[in-house]
Structure formats: structure tokens, C-alpha cells
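I opened the notebook to record what I looked up, entry by entry. The chains come before the single residues.

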Amino acid sequence: MTVTLAGAGAALPERVLSNHDFVHLDTSDEWIVQRTGIRERRRLAADASLAELATDACGRALADSGVAPRDIHQVVVATSTADRISPGMAVEIATRLGIDRPAAFDVSAGCSGFLYALDHAIAAIESGRADHVLVCGAEALSRITDHTDRNTAVLLGDGAGAVVVSRAEGGLRPSFVLGSDGTRIDLLHVQQDKLLRMRGREIFESAVDLMAGHTELVLERAGLGAEALDLFVAHQANARIIHAVRRRLGVPAERVFLNVDKVANTSSASIPLALAHAGEQQLLHPGAVLGLAAFGAGLSWGAGVITWRSPDAVRPDGELSAGRGVR
Amino acid sequence: MAVPSRTKESVEGFVLDVLEKLGIERDQITLDASFDDLGVDSLHVTELGQAVNREFGIEVHAADLEESQSLRQALNAIYAKAGL
């Protein structure tokens, strides 16, 4: 028995903000692209529901996986910007999707939140508590953005992504590591004024060290080298960070997925959004070995290796997983 | 893996290699060319410091190289941290 990602889905708000929408902050398209790789980001309407957006992403992930809502045993949502403080969005999403009374809760671990939620899902399946777990990352970072601060306003976007995590036969056993260090809370935090503050250059330094070091660790534990990665999907905070990590790991550029140019930093939504977009671009195939890495407020971090479906996966409807829009 | 000897020559040679890997044209790099003219920005400098740290065990961080505007200034900051 192993655990794989069985499907992924994405949902983005319609409104697009380009870099030119930030020139009033005394910045420029050239500066933003050069330092971050970001060209545009999405913005959820002030009165819109993040749970609705997240439900769309989750519904698409379910459809992509072929797993029926009734077979989902747990729903876990990583977010720091939920519509309400309690209950968690997971409960509302499960009900909207017709998932019958699952264990459902939210996780808050900054931009690493999705990997924390995914690690929980894997453990739940490995321990026999669940066969299929829906894991979502959803953020409306515009709710905690200081729209007058050029150092952060240009970096952040809204969006939702989701994956279905499933028990499977064959393929690689997932290898994950998570961690945190509360001595560095001041580098990146959201205080009671509800606005995100960060110290960019120090974050860059820590992010590269943490993501590269822990990806090396999970690869070593899995008995793999970096060359075994079919696709490296890191938290999409900044293209420069991802390229620095890639150089440290020795992963060629063509095996690194980037969508930060289109969506900016969507915190815990970033990795599932990237996985869904990679799937749409036909970059995932059954048995593909994925390297995942994230860092964020805490500081918190996580890294993992997991396969995209098992090489011989048969979906519940009897169709081979390879038949669903993936090579 | 053995730590390479910490000499000014070995550090300078390594730094040049790193800048090239970061996409900076080697034949444009001189000790006093400004980082601005070379297209070396603060994130390149941060990555450079991390690479030096790993290669030589010299504890040089972003803040130590913050004021460096040229290769000579960056190298002097690194030498100072390494006691060279």
C-alpha cells in the first residue's frame, strides 16, 4: 500500500491585476518581474466568499481524480484568510460538495499550510483511518495585504487549489518532513492589525536554505537523488527563490514548475494551484515523482516526495488514470 | 567533503564562478565594475553569500553584504568575516 495524489483542481477569481496596476506605489513592471518573476495576480471581490472559490477547486480536484464525494473520508483546508474564524472552511466545502459527514477542519501554518495538511492526509491513509482525503489550500491574501506597501502588495494574490490524496498500490511511499522555528516569527507575520509584514531579504535567505535542505533530506530518506524528480513544485512565492533552490538541488530548469508569473504568492493555495496548472499543461503522468517544498510564517517549512497517481492506477469508474487528460 | 582552503584567491575564484552561474557575463566582471552595471541585484548578492557560506564555512549573511556595490566591496566584506 502507498499513498498518491489522485487528482488536482484550481480556481482563481476573475479579476486580474497586472504590475502596471501598482505604479502608484512607485514601483515598476520591470522591477517586479526582475525581482520576483510576478507579472499578474488575481483578486477576490471584497464581498465574495473564499469558501465558494475553494469549493470550485475541490470539485475540480474530485472530478480530476474520479473519486466520488461519498468516498472522501476527510477534508482538510489550509488557510490563513478564511471567511469566518469558526467553524473552518472545510466543513462548508464538504457540505457544498455533498461529502457526507467527513472529518473536516482547517490548518493554519502560513505558506507551509498545504504541506502540513497533505502530511496529515498521508498519515491518515497510511494508518488506515481514511482511503481518500480531500486537501485544499485557499487564500484571499488581499484581506491581509497592506495595499499601500509596495514591498508586499505586489507579491500577494488570491486563489484556491486542491488535491485528492488516495490509497494506492504500487509506486513510491511518500517521504515528508515538516518543521518550524518560532525564534523567527518577526521575519513574516500577520499581527492584530491584520496586515502581513515581512523582511524580504532575510526571508529569501531562509527560504532557500530551508527548502533546499529539506528537499535534500526527503530525497535521501526516499533513497532518491534529485535526478529522480520528474517535477519540482515549490511554494510559488518568488521565481528567484525557486531558481536558487533549483540550483542548490541540481534540478534542471525544465523540471521545475513555475506559475508565480500568473498567480503571484497565494500562500497555502500555491502548491495545489501549481499542481493543478501543471496537470492542465500535461506535465504530470501516472507515476511521476513530485518534489514539493514550502516555507512561510513561523518560520514554518515542509518538503515531500510523492507520486502523481500510481503507474498502473485504475480510477473508481474503471478508466485508467492515464486516460484523463494526462499523458 | 573537505572544506576548500580559505585564501583570498580561492574565495575570489569561487565568487566569480558563482556570479557566472547566476547568469552574469564573466568577461564583464571586474573588481570595480558596479553591481548595478553588471545586473547584480540584492538577491544575487544574497545567493552569493549563501554559496560562500556553504563552500568555505564562512558565516556571511545578506546583512553583511548589504552595502556592497562592487565585487571588490563584496570580497572585502567576505574576507573581513573570514579573517583573511
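**Chain B, overall**

I began with the surface of chain B: its accessible area is about 4,400 Å², and carbon and sulfur atoms hold 47% of that. The model is a predicted one, and I kept that in mind throughout.

I looked up the fold next. Chain B has five helices and zero strands. Along the sequence the order reads α-α-α-α-α.

I checked the dimensions. The C-alpha trace of chain B spans about 35 × 25 × 20 Å along its principal axes. Its radius of gyration is 12 Å, which agrees with the value near 12 Å for a compact globule of 84 residues.

I then asked how much of chain B is buried. Buried residues are 46% of the 84. For contacts between residues at least 6 apart in sequence, I noted that 60% join residues at least 24 apart.

I found 7 positive and 16 negative side chains in chain B. The centres of the two sets lie 8 Å apart.

**B:D64**

I picked one residue in chain B. B:D64 sits in helix 4, residues 62-65. Is B:D64 buried, exposed or partly exposed? Its relative accessibility is 30%, so it falls between the 20% and 50% cut-offs and counts as partly exposed.

I listed its contacts, leaving out residues up to four places away in sequence: B:D64 touches B:E59, B:A77 and B:K81. I also took one distance. B:V11 is 53 residues from B:D64 along the chain, and their C-alpha atoms are separated by 16 Å.

**Chain A, overall**

I turned to confidence first. The mean pLDDT of chain A is 93, with 95% of its residues at 70 or more. Residues 320-327 of chain A are below 50, although this stretch has 28 contacts in the model beyond near neighbours in sequence. Where pLDDT is low, the predicted coordinates should not be read in detail.

I counted elements. Chain A has nine helices and 13 strands. Its radius of gyration is 18 Å, close to the 20 Å from the globule rule for 327 residues, so chain A is as compact as a globular protein of that length. The C-alpha atoms fill a box of roughly 55 × 45 × 35 Å along the principal axes.

I noted burial and contacts. In chain A, 58% of the 327 residues count as buried. Of the contacts in chain A with a separation of 6 or more, 77% are between residues 24 or more positions apart.

I logged surface and charge. Chain A exposes about 12,700 Å², with 49% supplied by carbon and sulfur atoms. It carries 32 positive and 39 negative charges, and their mean positions are 1 Å apart.

**A:V164**

Where is A:V164 placed? I found A:V164 in strand 7, residues 158-168 of chain A. Its relative accessible area is 0%, under the 20% cut-off, so A:V164 is buried.

I went through its contacts, again without residues up to four places away. A:V164 touches A:T4, A:L5, A:A6 and A:G7, among others. The list also includes A:A61, A:L62, A:S65, A:V67, A:I72, A:V133 and A:L134. I took the distance to A:L62: 102 residues apart in sequence, the two C-alpha atoms are 6.4 Å apart in space.

**A:S142**

I found A:S142 in the loop between strand 6 (132-140) and helix 5 (150-153) of chain A. It counts as buried because its 16% relative accessibility is under 20%. Its contacts beyond four places in sequence are A:R43, A:L44, A:H147 and A:D158.

**Backbone checks, chain A**

I looked for cis peptide bonds. One joins A:S86 and A:P87, with omega about 0 degrees. A:P87 lies in the loop between strand 4 (74-78) and helix 3 (89-97). The bond from A:G298 to A:L299 is also cis, with omega near -10 degrees. A:L299 is in the loop between strand 12 (288-296) and strand 13 (300-308).

I then looked at positive phi outside glycine. A:D26 has phi near 60 degrees. It lies in the loop between strand 2 (15-18) and helix 1 (29-36), and its relative accessible area of 62% makes it exposed. For A:R101 I noted phi near 45 degrees. A:R101 is in the loop between helix 3 and strand 5 (103-107), and at 76% relative accessibility it counts as exposed.

Note on methods: Residues numbered from 1 in each chain as written. Chains lettered and ligands numbered in written order. Predicted model: local features only at pLDDT ≥ 70, side-chain atom pairs only at ≥ 80, totals over all residues. Heavy atoms only, no water. pLDDT = per-residue confidence, 0-100. Contact = heavy atoms within 4.5 Å. Helix = DSSP H or I, 4+ residues; strand = E, 2+ residues; numbered from the N terminus. Rg over C-alpha atoms; globule rule 2.2 N^0.38 Å. Buried < 20%, exposed > 50% of the residue type's maximum accessible area, 1.4 Å probe, protein only. Areas by Shrake-Rupley, 256 points an atom, 1.4 Å probe, with all protein chains shown as cover. Lys, Arg positive; Asp, Glu negative; His and termini not counted. Charge placed at Lys NZ, Arg CZ, Asp CG, Glu CD.
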